[in-house]
Amino acid sequence: MDEQVVISTQNLVKQFQVKDGAVTAIDGVTLQVRRGETYGLIGPDGAGKTTTTRVILGLLTRTSGQSSILGHDSMRDTYRIRERVGYIAQQFALPGDLTVMENVRFFARVQGVSSAEQRRRIPDLLEFAGLSGFTDRLASRLSGGMKKKLALACSLVHEPQVVLLDEPTLGVDPVSRREFWNLLGDLRRERGTTIFVCTPYMDEAERCNWVGLMYEGRLIAHDSPGKIKQMVPGRLLEFKPSDFVPAWRLVPDLPGVLEVQTYGAMLHIFVDDPDRRGREIEAALAAQGITCEGMREIETRMEEAFISLIRKQSAGASDAA
Amino acid sequence: MRGVDNMREGLRNRIRRLSAIIQKEAIQILRDRGTLVMLLLMPVLEMFLFAYAVSLTVDHIPTAVADASMDAQSRAFVGALVASGYFDIDMYVADETQVIQAIDEGRVKAGIVIPPNFAAQIERGEAQALVILDGSDAASVSSGYSAANAVAQSWAMGLTVEKVARVGAASLGGDISLPIRTSTRVLYNPDRDDMIFIVPGLIAILLQVMTIGQAATAVVRERELGVTEQILITPARPIELLIGKMVPNLVLAVIVMLIVVLFGIFWFGVPFKGNPWSFVWLSLLFIISGLGLGLLISTVAKTQRQARQITLLFMLLCMLLTGLIYPRQPMPPIVKAVSNLIPATYFVRIARGIITKGVGLSFMWADVLVLVVYSVVVVVVSALTFKKRLD
């Protein structure tokens, strides 16, 4: 067992029994999360991110394959895992009729933290989460962002080596999201905590140092965000056509165009040679009376890479079928 | 040594977890003021309802008298009926026809028809009087029937009872003449004081509905809110979560029990004839069976609404089947079998045994045994079904 590997799965499969047969939610996922890493499991809704997290934690049984955390098997050492990891469920709720302090103390005691340790840790933890001024407020009266911070504080109170966060910033405003991610950054730097986070947000994926891209129960790519972006061939052009639909129909058939994605009123176009193809596209569209506003080359972001990889995956799947 | 230390640490953590869960549940119960006040006031409210609104016996029934004898004996008989407290003579009429007319018009609910030569018939021991009761009012019928019968018994005379009602007459087959037998229903309730009969049963029903409802909704609410997943990921064991939920509700149920008993004794004057300690212990047993049943329901109910519906169903079953109001003897076997699945059925008998009759355990060991087995089974089954995983 590699000491540096904190979370690992091998050909993990999870099927749910439904009326007529079984639905495969996880279809042979193999992943590894190394110590101190922030691993982002990204993918669209329904890709199997939550199910994967739950199986790793032993909250759901697995159908086949292996999964373990800190060397403990997800199914056999359920309670040993629960003593050593922190977790924020996606649709989580802390008891809303308990105050911030009561919540943290409840989770501390359930996690077996002694009273002396509680006195030492809890003020620091609340300070860290920015909740020091709200200790007597009922959890249900907190804003969405503060609820998430409280959940993080509760999941960290037993000082776990690894935390698993399932879409922790779902339904939170952009400022609070940024604050939450800054907390995660502090956590990794100061304590070396391993963080496993599921998220559909691409900007959050950029903040991870390793990304697993999940789609329809499979891990279709996993690497650093930089490498993932390089997986998409070609370079990216962005512009705003004066007449969107005809432009969107026309551009894919032009020479040198590898892929076309829409981005609001803009088109994102992967091409082999940005200078040359940019001019060609402008000319071709101009022939149809369409002008191109703000034609420029941009850096490929996770969002474009993500869409591109998923498209290829589903195209490959339909070819195979 | 290491092993012993580990065990000690394990035990310490177990206690820490359990006390954390108990404390959390207690805070949550205390903080939900509205529900708490309702839980504590409901029993008192229901007792007043039973005492003053849904009284099972009816007295001071407005009555019409048709006395064809008008002699000393007939007047004395009517006087005895009035003295029983069950009949108020509102009017004197000429004959049976007018009595029935008065009942039909709703001016009275009962009529007494005394034939001519009543005194002479009494002397010969063959006196007959006719009591006519409004068949559309079941409570008046049963009260008037047994009251008139009791009076007639003391006069050693025959009595004919007839029920009439525009609605009821046909179904009763018109005139029914019943030879009267001694009523046995009032053996432990000679003054017909309903509360003596009602309070012990009410304790059983109130505790039953409360424990089932509290336990079921406490679990289902957390699952609905998503709290369960967040607590499930802690090292808390299912049995600790179950016990943690049961303890504060157990305390609450004991308080409710005490409120009802004390109100029964000091307000309604219900005598407590048996041993208070055995009553407390058996209540605890009964409360545990109810909480266990509630937890079991929580494993079936998906939403709070479902949990409440099931609790309501239990409330109805309790009212109808446990012998609180209606005797269980005449129930058909299937209904009886259903009532045997409700813990309150046993506790109604136990409570009446201890409070009203003052009998000891030896008279109701079978009911106690059933409750013990019941409690163990529901708690164990719900602990086994209370999963440590989500699927």
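Q: Why is A:Cys198 called buried?
A: Buried means under 20% relative accessible area, exposed over 50% and partly exposed in between, with a 1.4 Å probe and protein chains only. A:Cys198 has 0% relative accessibility, so the residue counts as buried. This is a predicted model, in which local features need pLDDT of at least 70, side-chain atom pairs count only at pLDDT 80 or more, and totals for chains, interfaces and linings use all residues. Side-chain values use heavy atoms, with hydrogens and water left out, residues are numbered from 1 along each chain as its sequence is written, and chains are lettered from A and ligands numbered from 1 in the order in which they are written.

Q: What makes strand 7 and strand 8 of chain A a pair?
A: Strands are DSSP runs of E, at least two residues, and helices are runs of H or I, at least four residues, both numbered from the N terminus. Two strands pair if DSSP finds at least two bridges between them. Strand 7 (residues 162-166) and strand 8 (residues 194-199) of chain A share 5 bridges in the parallel sense. One residue to look at is A:Asp166, whose bridge partner in strand 8 of chain A is A:Cys198.

Q: Why is one side of strand 6 and of strand 10 of chain A left without a neighbour in the sheet?
A: In chain A, 6 strands form an open sheet with mixed pairing, in the order 6-7-8-3-9-10. Strand 6 (85-88) and strand 10 (218-223) of chain A stand at the edges and have a single partner strand each, so one side of each has no neighbour in the sheet.

Q: What makes helix 1 of chain A mostly covered?
A: Helix 1 (residues 49-57) of chain A has 8 of its 9 residues buried. Among them are A:Lys49, A:Val55, A:Ile56 and A:Leu57. Just after helix 1 of chain A comes A:Gly58, with a positive phi of about 80°.

Q: Why is A:Ser68 called buried?
A: A:Ser68 has a relative accessible area of 13%, so the residue is buried. A:Ser68 sits in strand 4 (residues 64-69) of chain A. Contact means heavy atoms within 4.5 Å. Leaving aside neighbours within four places in sequence, the contacts of A:Ser68 include A:Val6, A:Ile7 and A:Asp73.

Q: How do you know that A:Glu102 and B:Arg31 meet in a salt bridge?
A: A salt bridge is a side-chain nitrogen of Lys or Arg within 4 Å of a carboxyl oxygen of Asp or Glu. For A:Glu102 and B:Arg31 the N to O distance is 2.6 Å. Between chain A and chain B, the count is 2 salt bridges. The contact takes 34 residues from chain A and 28 residues from chain B.
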